[in-house]
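Look at the sequence and the 3D structure below.

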Amino acid sequence: WVQNNTTKEVYQAGVSLPVALDDYAVVQSLSVPSNYSCASDLSGATAVLSNDGGTTITTATVNYKIDNGTVQTAPFTGSIAPGGTTNFAIPTTASASGSHTLTSYLTNINGSGSVSPIGTATTTFANISDPGTTGNFSQNFTNAAFPYTNYHVASTSGDNWVRATANTGCIKYNNYTFSAGKKGDTYIAPVDMTSISSANMTFDVAYRQYQTENDKLEVFVSTDCGANWTSVYSKQGTTLSTGAAQTAAFTPASSSDWRNETVSLDSYANASKLHIKFVATSAYGNNLYVDNINIAAAGVNELNQVGMDVYPN
């Protein structure tokens, strides 16, 4: 193209026809055994290599890294016919406790010597090896650096929970813009329940429908590091709502926009590492907020944002 560097106006431009590359392969996708586990390292990850060129691929270098860590490499040898795919096992890789992104791409296809990344793919996962908070647990989301240590946010389509500033900090699921069927998970840090008798979990929720949509909030718990999950809370639509429907994007502005919920966790009193996740499912309605998550013995209430004066002293 011909462009004026001052005004950025393009005077003339053209687009060439696609040119097929003989030796062209990509990392089509990445998968991990579990999106959420207690493993101390990442193992069992698989890259699907796809031959998008016209020549059989027999060798390549598979590059992979966790987050912004050092790029590691492993050789691929085999035979991928044009249009074909094959699975490649990513070697076991050390990863600290927390939420991570795995990235992989190819170089040096068929001995070309090229080190330019080709066909990059990413996936997210969490390995929470932390033993968990012992005793009462409290989270009010005032810290802006969300997600926190040993927390994990995930969505198959990238429609994640985010931290919002309402109520001096909370988490938000944007049903107002997320299309119907989108789902997002927030996993909080694990909790050691063995020192809490007759435990309850309380949390605050704020939500309004757009009109009559059934946006949903669920809470699940796991005692086996995320292999199996049990529902302990589920509300949607009018049952979930904390106020009248509105067509403007909902943001809670006062305490009357919130409702406190109580969930019994007494059945999990012996869990040395209880994992809890909040799951939102959009019906393309209106925004959903969660705040002030507390886990304590039944009858013990956490105090949030309370001011008091003591007399006569």
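In what order do the 5 strands of the open sheet stand? The order is E4-E12-E11-E7-E8, and the pairing is mixed. Helices (H or I, at least four residues) and strands (E, at least two) are DSSP runs, numbered from the N terminus. Two strands pair if DSSP finds at least two bridges between them. This is a predicted model, in which local features need pLDDT of at least 70 and side-chain atom pairs count only at pLDDT 80 or more, while totals for chains, interfaces and linings use all residues. Residues are numbered from 1 along each chain as its sequence is written, and side-chain values use heavy atoms, with hydrogens and water left out.

At the edges of the sheet stand strand E4 (36-37) and strand E8 (72-80). Each has a single partner strand, so one side of each has no neighbour in the sheet. Strand E7 (residues 57-66) pairs with E8 in the antiparallel sense, over 7 bridges. Tyr64 is found opposite Gln72 in E8.

Now turn to the cysteines. A disulfide is a covalent bond between the sulfur atoms of two cysteines; here the pair is counted if the sulfur atoms are within 2.5 Å. A search of the whole structure finds 1 disulfide. Cys38 and Cys225 form a disulfide, with their sulfur atoms 2.2 Å apart. The pair links distant parts of the chain, 187 residues apart: Cys38 lies in the loop between E4 and strand E5 (41-42), and Cys225 in the loop between strand E20 (216-222) and strand E21 (230-236).

Is Cys170 buried or exposed? Cys170 is buried (under 20% relative accessible area, with exposed over 50%, partly exposed in between, 1.4 Å probe, protein chains only), because its relative accessible area is 0%. Cys225, at 24%, is partly exposed.
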